[in-house]
Amino acid sequence: MELDWSILFAQFISGLCRAMVLFLMASGLTLVFGVMRVINFAHGSFYMLGAYLAYSLTHVFAATPGSFWIALLVAPVAVGLLGGAVEYVLLRRIYSKEHLLQILLTYALIFIFGDLIKMLWGVELRIVNLPPILAGFVSLAGQDFPIYYLFIIGTGMTVALGLWLLLKMTTLGKLIRAAAEHRSMVEMLGYNVSGLFTIVFMVATWLGGLAGVVIAPTVRLSLSMDMEIIIECFLVVIIGGLGNIWGALLAALITGELYALGILVLEKYAMAFLFGLAAVVIILRPSGLLGRGVS
Amino acid sequence: MKAAKWITGTAIAVALIAFPLIMERISSQYYLYLVVKIMIWALFATSFNLVLGYGGMMSFGHAAFYGVGAYCCALLLVRTSCPVWLAVLAAPCLAAMIGLMIGYFSVKIKGVFYFATLTLAFSQLLYILVFKWRNLTLGDDGIQGVPVPPFISTLDSYVNYYYCALIVTAVCYYVLLRIVRSPFGLVLATLRENPERATFIGVNVQKYRLIAFVISAFFSGIAGVLLVFLETSVAPDVLKWSNSGEVILMGLLGGMQVFLGPTLGAAIMVLLNSFVTSYTEYWGLFLGTTLVLIVLFFPQGVAGVIYEKLLQARTKRKRA
Amino acid sequence: MAILEVKRLSKSFRGVRAVAGIDLNVEDNEIYSVIGPNGAGKTTLFNLISGYHHGDGGHVLFKGKEITGLRPEKIVEIGIGRSFQVTSIFPGLTVFENIRSTILVTSGKGLSLFSTASKKATRESEEILSLVELLNKKNEPAGILSAGDRKKLELGIVLATRPTLLLLDEPTCGMSPVETSGTIQLIRKIAREMSLTVLFTEHKMDMVFNVSSHISVMNFGVIIASGKPEEIRNNKQVQEVYFGGPHAS
């Protein structure tokens, strides 16, 4: 196989793109687990909702220039608010219960959200248009890339930076990290840990919704989006270590690139490489590459 | 207590055997079809319960074994000149092998959450694989017209197949019951109750879990085979993640700690499904809401509650 | 010959040295106790010996053979039985099933998929149950037993693994003086009848001094004194560290 560097580079950028979307998803999932010890199986549903909301918003505001940007701003927030409501009404009741019951609750949400979205948007495939500014191509190292790819990469990196700043620098971030390590201690210090949990869940679903909006112009929206993204998301979290955000970033990068480069080797079954990597990680380092954020 | 059990058991057996003959009089094939469906799901749910109720592992990807059993049987019958008996035996064996592969990684990783996500991921992988590998599986067109031996063909009537399915299900139940009541079954229960303690009585927890997983996969595969003969076709939907959810819900509804719990759950769910889908296409919404309600208010399930009350009554009598 | 030899065993958790270079030798048929204040590292020591944790260094030898780093199931097989400070039993199973399951595993029948009730296993289970005085409760679900009965059940489970060495982590934890005395007599009797060696951790001083043939005192992960009960009683360092002010239980 001759090494065609420009093709490799093209795949590398495409992989980076994919990695960023995966990171947006995985970071939310792993954040919730790290702080609240709950796996939100319905994380893909929030992602899907973000995408469909983007569709509706871009259509409602089709006449307005910058409709995509409105969607980018509004949709994730809406999804985040819904996430907050879900946490407040449902999740709160199960924190003290067995893990199995917690898993089942979020799993049940997949069914509920799936059908609600079906009710609101129907089964036809939907398309979201690229914002005109980002619709062109840019030339890098002899290859033409959609500018939108760079937008995705940029968004991902901004969010990563933002999360880092939030967790490291702000009081909220420190509280979140403290609550992840030792909930009762934080409670005893007088903080409203329940409220904290709601905020964390809202941030996580916001991230999921953002991922959905960001990816929307590049795919056809369908009702199977929730489960399609969730496998890779789970694999990323397993590879990176549950509860570990930096693990999620590292794993997302590796997974994204592995998939993109894997396509060059096994056209339709690049997914196999991901499972292969997960298998290796499970055997050699079961806590994930960077270990679990929590034990 | 024992006498009551024997009487109820015999009554149910008689009812099951007489059922088709009664139905033929009323000439309603639909109910026969429905009961066979219940049997298939009941077998699936009972074999799944080996892993969940007895082994304490919540697998979210059991549809994989059900589906592999179905597809293997269908493919062997449609694409090769494999004799029926061989296809019927090979399918659950393949399901068990897939169970071994998936189970190996899933039990190795520590943690309920990891187990749940990994099993779900594997099952989704198989679903996607079946979709994409059109050369083999015909993708989402599915496989139609599976040749069914004439004596159990469902073309004219479901009666013959009903009895066939009944016999197969009964035999499988017997085997599963023996396994549950065996030393293995007891040790498996210790794993569920207290894995740490189990380790400290000398149990290799991973080994036992894996064996339970493989056995469960085998019988789930048989359920898949039964489905193929009932419908004479198979589509990728059989591997859909939601089937895994349905079988979990059956266990929850009927009660996981009782052997016949999932059977009750299967009956309830199949009947509910038949009822609900005649009014609306949003079965998922119904299912999800039910699951939420059970999780929040009723985690022991219907049979579980009954069983608990019986246990309480028995303990009270002993103490009095 | 020492049935259990521990050499320079160490373990740290995230920078905290729980166990820092422990040496101890337990002789055959001894009743050996390890005492020390909370956090001294006693449970970690047990966890290391029984294979629950991997040490950061050091060796454990059982009957002269190296068992460091072996999986806990293997260590149970070799003959070291262990009880936990927080009583660890199978709550959803009956008392009888708790013991029977253990017997089945110990006799290698755990993987048997199809055989029916084994008379031998039943008989052995009943023997153990009468030994720990729980035979009359054999069909009760273990989850509803009183705290004292649970401890007895756990002892029964440990005995059912046919050990030669018993590791008992605070076997009288939470018990009243009467129950404590009863439990200690039971352990003593069983150890004598079945020729077992017992290594246990404890808080209750009078109990320890009356029963042990050898005592080691731990503090902050190291052994600060080791010897016969009278020697320990008179050891000034131990008195400072442990007894401090009024008699602690």
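## Chain C as a whole

A residue is termed buried if 20 or more other C-beta atoms, placed from the backbone, lie within 10 Å of its own, exposed if 12 or fewer do, and partly exposed in between. By this criterion, 45% of the 249 residues of chain C count as buried. The structure is a predicted model, in which local features need pLDDT of at least 70 and side-chain atom pairs count only at pLDDT 80 or more, while totals for chains, interfaces and linings use all residues. Residues are numbered from 1 along each chain as its sequence is written, and chains are lettered from A and ligands numbered from 1 in the order in which they are written.

Chain C has 9 helices and 10 strands (DSSP runs numbered from the N terminus: H or I of at least four residues for helices, E of at least two for strands). Along its principal axes, the C-alpha trace of chain C spans about 60 × 40 × 35 Å.

## Helix 3 of chain C

Helix 3 of chain C comprises residues 95-106. Of its 12 residues, 11 are buried, so this helix is largely enclosed by the rest of the structure. Among the buried residues are Val95(C), Glu97(C), Arg100(C) and Leu104(C). Just after the helix, Gly108(C) takes a positive phi of about 80 degrees.

## Where chain B meets chain A

In total, 31 residues of chain B are in contact with 33 residues of chain A (contact requires C-beta atoms, placed from the backbone, within 7 Å). Helix 5 of chain B gives the most to the side of chain B that touches chain A, with 12 residues.

How values were computed:
Two residues are in contact if their C-beta atoms, placed from the backbone, lie within 7 Å. The expected span of a helix is 1.5 Å times one less than its number of residues.
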